[in-house]
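Okay, thanks for making time, everyone.

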Amino acid sequence: MSCILNVKTIGIIGLCWSVLLSGCVGGETDSSADPDAFDNTAMLKNLADSVVIPSYTAFLNQLDTLTATTGSIQSYCDAIGTAEEAAFKTQVQSDWLSVAQLWQQTELWQLDPVSTLRNAIQPFDEDTALSTCGVDQALILAQGLDFEVATRAVNQRGLPALEYLLFNTSLDHTCPSQISETQDWNTRSDSERKQWRCEYALQIAVDLQVSTTQATQNWEVEGNNYRSTFLDPQNISTSITALSDALFYLDTVVKDIKVGRVVGLHSSCSSDICPEQVESPYAEQSYALIDSNLQGFLAVYQGGSESGFDDLIASKGFAEVNDRFIQLVATARTLIANQSVSLKQQVQAINDTQAVQACANDAANPSPNPTHPPCALQGYLKQVTDLLKTDFVTIVNTDLPQSAQSDND
Amino acid sequence: MNLRNMFFFFLLIFGLAACGGSSNNDDATAQNTTSSDDQDGDGIVDGSDNCPSTANADQKDSDSNGEGDACDAIPTQYSFDSKFTAGESAVSYTGQTKRHVMIDKLTDLLVSFTSDQAVAAQTIIDQLNFFFRFDGGTSDSQNHEFAITGQTVTPGPLWSDISTGKSLSGKIAGEDQEAHILGGEFFGWQDGADTNPTPIELVDWFFTQLATEVTNGTAPTVVTADTSDTDQLTDLSYIDAVGRDYRQLIQKFLMGAVTFSQGTADYFKTNFQTDNVQDGTNPYTSGGHDWDEAFGYFGAARDYNDYTDNEIRGNSGRPEYENGYHDLNGDGLIDVRSEFNFGNSTNCAKRDAGATVATDFTAQAFNAFLIGRKILNDNADGTLSDAELSAVQAQAKIAAQTWEKCIAATVVHYINDVISDMSNFTNGQFADIANFKNLAKHWAEMKGFALGLQFNPESPFRTGEVANIDIDDLKQILSLMGDAPVLADGTQNGVAFTGGTAQYEVDLLSARSLLQTAYAFDAQNVENW
């Protein structure tokens, strides 16, 4: 193996040394620590067949709860203006959350078959945010005959657009006055505006179905069969690297953008805090979505009950690294589980110099009962991603993806 | 002695030796050259003549390709044929045109705020961001509404007809590339700034200030000496009580932080040697296209050299040119992509027209654009030699520095206007409400343009080419101007200014003097611009 020299901590030097020893002092090492003994193909096969491909199937199935003719969106549309409106709205919002959480798990395995389609499903990263005006405009245009959701920009589609349509309590549009389509929107009745939003929500959900179906087919043997490419013995190293790179979503998006930017600990926030850039501003389910990301991380890391990265790492004699990963992720998830107030509201409470300093302290020294939980969560996530950047890439023998090579925080 | 002089020197010695003529006969070489040696009779023997068929005693070779201009003319218009697609133009910069139109339409919106608006401040900010943070996904389908009285504008009517996507915010210094905040420091404005200010933050601050001013339901009170005049500024709601005209500040700052920055710090810094290869299947090279984009940000019409200065500025002239545009292709439409003068290209003409001692910023800048583009197009096969690369870079530098002179001379012009406005103060009061409005306007133009001087890597404040001038001098200039004018009552931004208006005038003259030195401006021009 090669010891990566661009790692950040001195500790890794010791790790490299111990890996070398484990590889060189054969008499001291049992056969399970022999890198050649680990079946990489079996791990990839397990991850493809037990984690990745089923995740898209599950997502599609869950989408049905929204899109079916008797699904919750249509039911809500039908109930607008009736006594049952509130109940059906609650149901459709609950279904949205279930769908969104399933997708958030898949964010940890954004591989080739999905990467281009992913933007149409969950267009959220450092450079992409929902265009609410675009949704407002589109839902009016959607009343016309020649409208196609798929022709709209990706920042007007996907799960964020669906969240906006189903959760935003204000019925007014969000466009500047220059947008002609929305100019008379605010004069329309509440029931009409709710109805149009609901009808458009159904179109968005169906568009999600189309994109996800394509992503699924890209993997399937009967489809474009990326599975075969993924498991091709010639591509094992590439596939492991691709999976490893995908795990860094936890670093570059979850830690930096979903949490770090919002609490003002990332360079992309130029104010003390940026609560307006929270991932889930209307449903206020950011914590739930981040928890799903962590579940997705564990799914790839542990491979369910079969072979995953933890087995690969253990095979090289570093079971204690697995223990640290599992413990750190569990700590972060426990912190999330203990929150009863949304991340957005908690960040809005960081509203003076003293609070900003307390946030920085919570991030630097995260604890189970911090003053500002989002800041502590950033700290916990950093502990996980620091381990990814050092021990993980060294043991798995991959490089840091370029996007994760600087912290910006 | 340069090479050409050495050539003449040896030719002279040879001529003297051959003819035994007098050393007083300076024309000996030319007169004694036989027609077979010098077919065009320009005094340069054919073997050494860079254009043997046409007389060109000056041997001028603007594009440094070894062929004289007399045989290899520099185009007079910014028009270059594709080397890859027969019958197509190699020139394209529609995105830059679209951004000029955005700035123009944003300015129209600002000008429309003649009275307080009964809407929330955020509504105003959203309207401004329609242009600044232009979202092609929602707005390309809207009419751009760029109109010229009595003319039909093309392309249109939609924004997407000019170009799809594009925004101003995405191209402001620092947002496109962090490195375009040159030296890692954006400076020159303190009010509202944090410890690490950026140009986009200043624009947002301007927007917020303006939106507050436009929606707060109150008009600034201005104490004037004219008892017949109202003391309430009720007809221009984009000016605040301390004399800042946000319509001017926003427009002029965007010209610097977006168009000037992009042209000089981004596109002129392309690696033209490696990038002069075809851009995909487009009819141009990547390098040529980058050059076009710099030209597009400068804003000149393709036949800019055919206009008089007064025509470019839309002041007077031949009927077909007099309003700053010209139907070059005679199709009865005014094409904003090629037939209209935008942005800083008009400032060059204004300063040339206003020069006491003649300047020709318009021709200097435009010719540099022409020559550089010709070299790139002539060599649109990816084989730019070191000499050709040097020639392109030299022209880029001329264009960038002349472009900056146009801006700097405009700053001088507005310093003079501010000082003139201040001379109308009477006993600590404005002469009248117009006096206040003029001061606010002129000060904002001065400051808005001056902030832009920091975005050019070839600025004399950055190159070290001018003795005793460096970036601290530009910081000093901006500091002397302050974040608001000194008003008739001797206050600046609500605080008594030490030394009052007299000291502020001294400060502005000091700033003007630094500009004069940095750009080697003629003293009479500086006095009179």
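Let me start with one cysteine, A:Cys175: at 7% relative accessibility, that residue counts as buried. Keep in mind that this is a predicted model, so everything I quote is computed from it.

What is A:Cys175 joined to? Its disulfide partner is A:Cys133, with an S to S distance of 2.1 Å. The two cysteines sit in distant parts of the chain, 42 residues apart: A:Cys133 is in helix H6 (residues 132-141), while A:Cys175 is in the loop between helix H7 (158-167) and helix H8 (190-219). A:Cys133 has 8% relative accessibility, so that end counts as buried too.

Next bond. A:Cys359 and A:Cys375 also form a disulfide, S to S 2.1 Å. A:Cys359 belongs to helix H16 (residues 353-364) and A:Cys375 to helix H17 (residues 373-396), so this pair ties together parts 16 residues apart in sequence. Is the link left-handed or right-handed? Left-handed, with -100 degrees about the S-S bond of A:Cys359 and A:Cys375. As for accessibility, A:Cys359 comes in at 1% and counts as buried, and A:Cys375 counts as buried at 0%.

Over to chain B. There, B:Cys51 and B:Cys71 are bonded, with their sulfur atoms 1.9 Å apart. Both cysteines are in the loop between helix H2 (28-32) and helix H3 (94-111) of chain B, 20 residues apart. The S-S torsion of B:Cys51 and B:Cys71 is about 75 degrees, which makes the disulfide right-handed. The accessibilities are worth a look here: B:Cys51 is buried at 0%, whereas B:Cys71, at 33%, counts as partly exposed.

If you number the bonded cysteines of chain A in sequence order, you get the pairing 1-4, 2-3, 5-6, 7-8. Do that for chain B and the pairing reads 1-2, 3-4.

Moving on to empty space. Rolling a probe the size of a water molecule over the atoms shows where empty space is left. The count here is four cavities of 30 Å³ or more, and the largest cavity has a volume of about 60 Å³. What lines the largest cavity? The residues are A:Trp96, A:Ala100, A:Gln104, A:Gln122, A:Leu159, A:Pro160, A:Glu163, A:Glu279 and A:Leu289. Helix H4 (85-106) and helix H7 of chain A each put at least two residues into that lining.

Last topic, the contact between the chains. Chain B brings 13 residues to it and chain A brings 15. Together, chain B and chain A bury about 890 Å², with 44% of that on carbon and sulfur atoms. Which three residues supply more of the area that chain B buries against chain A than any other three? B:Phe130, B:Thr138 and B:Gln142, which supply 45% of it.

That's my tour; over to you for questions.

Note on methods
Residues are numbered from 1 along each chain as its sequence is written. Chains are lettered from A and ligands numbered from 1 in the order in which they are written. This is a predicted model: local features need pLDDT of at least 70, side-chain atom pairs count only at pLDDT 80 or more; totals for chains, interfaces and linings use all residues. Side-chain values use heavy atoms; hydrogens and water are left out. A disulfide is a pair of cysteine sulfur atoms within 2.5 Å. Helices (H or I, at least four residues) and strands (E, at least two) are DSSP runs, numbered from the N terminus. Buried means under 20% relative accessible area, exposed over 50%, partly exposed in between (1.4 Å probe, protein chains only). On a 1 Å grid over the protein atoms alone, a cavity is a set of points where a 1.4 Å probe fits but cannot get out, and a pocket is an open set with protein on both sides within 12 Å along at least five of seven lines; lining residues have an atom within 4 Å of a point. Grid points are joined across faces, edges and corners, and a volume is the space filled by probe spheres set on the points. Contact means heavy atoms within 4.5 Å. Buried area is the accessible area (1.4 Å probe) that two parts lose on being put together, summed over both.
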